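This report looks at strand pairing, then at a pocket and an annotated domain. Please view the model first.

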Amino acid sequence: MPDHEYFVEPDDVESQLFDWGVLKWLSTPDVTGGERFSAGVVKLEPGKGHERHTHPDSDEILFVIRGEGEQEVADQTREISAGEMVFVPEGVEHGTVNTGWEPLLLLAVYAPPGPEEVLRDLPECEIVPPGELPTPENVEERA
């Protein structure tokens with residue numbers, strides 16, 4: 001059996017729960033052994049998003065899987081929808097808001113990995129163990 005996974009399902013990894021949505025990091029150095037990038041699915045609830053921020057040492061790619069939103073990168077803002085990709089260079093301010101009625105699903109990739117650990121350490125991040133539904137109720141039950 002290999003030390004790391006080649007095939008990863010969402011239930012195999014923890015969830016990072018925020019008041020604006022959920023992240024599941026399906027590829028990190030700890031999960032797959034890949035050291036050059038991390039990748040995960042971001043789910044933003046309708047009307048929710050995260051404030052402008054930067055990743056000082058990592059480039060980011062966002063690929064829209066489902067839904068629609070408003071994406072800011074540096075001084076540019078535009079609507080995004082399924083099938084589009086956004087490139088965010090390291091150190092450039094950016095933010096995403098779900099402007100649709102359904103969850104906005106994004107594939108986020110960081111190169112090199114690292115920002116996913118910064119997110120995990122934020123005080124507003126609740127960790128939901130693998131296999132459990134990432135809901136506030138599950139967080140409260142464990143508290």
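## Strand pairing around S9

Gly49 has Val97 in S9 as its bridge partner. Strands S4 and S9 run antiparallel and are joined by 3 bridges. S9 also runs antiparallel to strand S6 (residues 68-73), with 5 bridges between them. Glu72 stands opposite Gly95 in S9. Strands here are DSSP runs of E, at least two residues long, and helices are runs of H or I, at least four, numbered from the N terminus. Two strands pair if DSSP finds at least two bridges between them.

S9 is mostly covered, with 4 of its 5 residues buried (under 20% relative accessible area, 1.4 Å probe, protein chains only).

The model is predicted: local features need pLDDT of at least 70, side-chain atom pairs count only at pLDDT 80 or more, and totals for chains, interfaces and linings use all residues. Residues are numbered from 1 along each chain as its sequence is written, and side-chain values use heavy atoms, without hydrogens and water.

## The largest pocket

A pocket is an open set of points on a 1 Å grid over the protein atoms alone, where a 1.4 Å probe fits, with protein on both sides within 12 Å along at least five of seven lines; lining residues have an atom within 4 Å of a point. The largest pocket holds about 480 Å³ of space. Its lining has 28 residues, and His53, His55, Tyr110, Leu119 and Leu122 lie nearest its centre. S4 gives the largest share, 4 residues.

## Annotated domain

An unreviewed UniProt entry lists residues 29-134 as "domain: Cupin type-1". This span is 9% helix and 49% strand.

Conventions. Grid points are joined across faces, edges and corners, and a volume is the space filled by probe spheres set on the points. UniProt positions are given in the numbering used here, feature names are shortened, and annotations may be inferred rather than shown by experiment. Buried means under 20% relative accessible area, exposed over 50%, partly exposed in between (1.4 Å probe, protein chains only).
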